[in-house]
Every structure is written in structure tokens, then in C-alpha cells.
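Please read the points below with the sequence and the model side by side.

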Amino acid sequence: MALRKIVEQGDDCLTKVCRPVTDFNARLHQLLDDMAETLEEASGAGLAAPQVGVLRRVCLVLDEDTEEYLELINPEIITQSGEQTGLEGCLSVPGKWGIVTRPNVVRIKAQDRDGNWFEAEGEGLTARAFCHEIEHLDGHMYTEHIDHFLTEEELQEYLEEEEE
Ligand code: ZN
């Protein structure tokens with residue numbers, strides 16, 4: 001396994017529509033292993049392949065319940081419901097945060113590293129991460145949904161309110 005470099009906003013990789021994965025081979029497995037190591041090192045909730053410069057429909061999402069990374073290949077949202085408004089950040093926009101409204105429950109289908117289709121449902125932070133990561137695969141970022149990055153003061157206020 002190896003750490004991969006996370007590209008930052010402004011890099012062309014983050015604005016491209018990624019191609020589907022068709023070969024579930026050793027190269028894909030290496031990418032997934034490297035992404036898991038990179039994500040763990042960065043303590044993130046999710047990471048999409050374009051963030052490490054690979055324009056393929058691959059992402060990892062931290063499952064809040066199991067605290068394990070779900071490997072999603074060619075993922076699609078199949079249903080979504082409810083609404084949540086909360087803090088969101090991105091490893092490609094380090095040190096910045098915004099408030100984004102997302103569905104509260106999101107059901108997806110995806111392939112695993114061997115090409116088998118499965119479905120998964122996420123609520124709260126996991127639902128947010130599904131939306132955030134799948135968006136990356138179409139060249140979009142959460143920053144398109146915010147009117148401004150939180151100031152240090154706003155961030156502190158938000159975190160204090162969360163604790164109450
Ligand atoms: Zn992101």
C-alpha cells in the first residue's frame with residue numbers, strides 16, 4: 001500500500017466526469033488499498049478517486065455504524081429522503097468548512113472490488129458522505145452548494161451549538 005497525493009481545488013481532475021470501472025483487476029484493488037490508507041492518514045469521512053488524480057468512478061465512504069470504509073465502484077443514488085443541514089468539508093479544500101443541506105437518508109447501489117452489485121443505506125453523516133463523494137465523480141464539489149466558507153468565528157459558534 002502507498003499514500004497517494006490528494007489534489008486540491010483548482011486541479012482539473014476535480015472538474016471532470018469520471019469514467020465507469022470495467023476491469024475489476026489488481027490495479028483497481030491497489031487503488032482501493034491506497035485510497036483507504038490515504039483516507040485513514042487524513043482522518044477523512046470519504047475520498048473519491050479523482051481526488052487522487054484517477055478519473056474513475058470509485059470512492060470510499062466511512063460507514064458511521066461499523067466505522068469501516070465502504071468501497072463503492074460505479075455508485076449511484078437510488079433513493080433519497082428527508083433533509084439535513086450541517087457542516088461539510090473536503091480533503092481537497094483543506095481547513096475550510098461550509099454549511100450544506102443534503103438528504104438525510106440515502107440509498108445507493110454500487111459494485112464491490114470484485115464487480116458484485118450491492119445496495120447500502122446511509123443516514124446522517126453517512127448519507128452526507130454518499131452525496132459528497134458521488135458528486136466528485138461527476139466533477140462537482142460541495143463548494144457549489146455554499147454561499148461562503150465559514151469564518152473561524154462561525155465555525156466555533158457552530159461547533160459549540162452542536163455540543164449543546
Ligand atoms: Zn470532497
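1. Along the chain, the donors of the zinc ion are spaced as C-x41-H-x3-H, where donors are N, O and S atoms within 2.8 Å of the metal (3.2 Å for Na, K and Ca) and, since water is not among the atoms, sites may look incomplete. Cys90 lies in the loop between strand S4 (84-88) and strand S5 (98-102), whereas His132 belongs to helix H2 (residues 125-136), so this pair ties together parts that are 42 residues apart in sequence. The coordinating atoms are SG of Cys90 and NE2 of both His132 and His136, at 2.0 to 2.3 Å from the zinc ion.

2. This is a predicted model, in which local features need pLDDT of at least 70 and side-chain atom pairs count only at pLDDT 80 or more, while totals for chains, interfaces and linings use all residues. Residues are numbered from 1 along each chain as its sequence is written, and side-chain values use heavy atoms, with hydrogens and water left out.

3. Cys90 and His132 are both buried, a word that stands for under 20% relative accessible area, with exposed meaning over 50% and partly exposed in between (1.4 Å probe, protein chains only). Over the chain, 44% of the 164 residues count as buried.

4. Thr126 also lies in helix H2 and is buried, with a relative accessible area of 4%. Which residues is Thr126 in contact with, leaving aside its neighbours within four places in sequence? They are Val61, Leu62, Asp63 and Glu64, contact being defined as heavy atoms within 4.5 Å. From Cys90, Thr126 is 36 residues away in sequence and 14 Å away in space, C-alpha to C-alpha.

5. The chain has three helices and seven strands, in the order α-β-β-β-β-β-β-β-α-α along the sequence; helices (H or I, at least four residues) and strands (E, at least two) are DSSP runs, numbered from the N terminus. Among contacts between residues at least 6 apart in sequence, 66% join residues at least 24 apart.

6. The chain has a radius of gyration of 15 Å, which agrees with the value near 15 Å for a compact globule of 164 residues; the radius is taken over C-alpha atoms, and the globule rule is 2.2 Å times the number of residues to the power 0.38. Its C-alpha trace spans about 45 × 30 × 25 Å along the principal axes.
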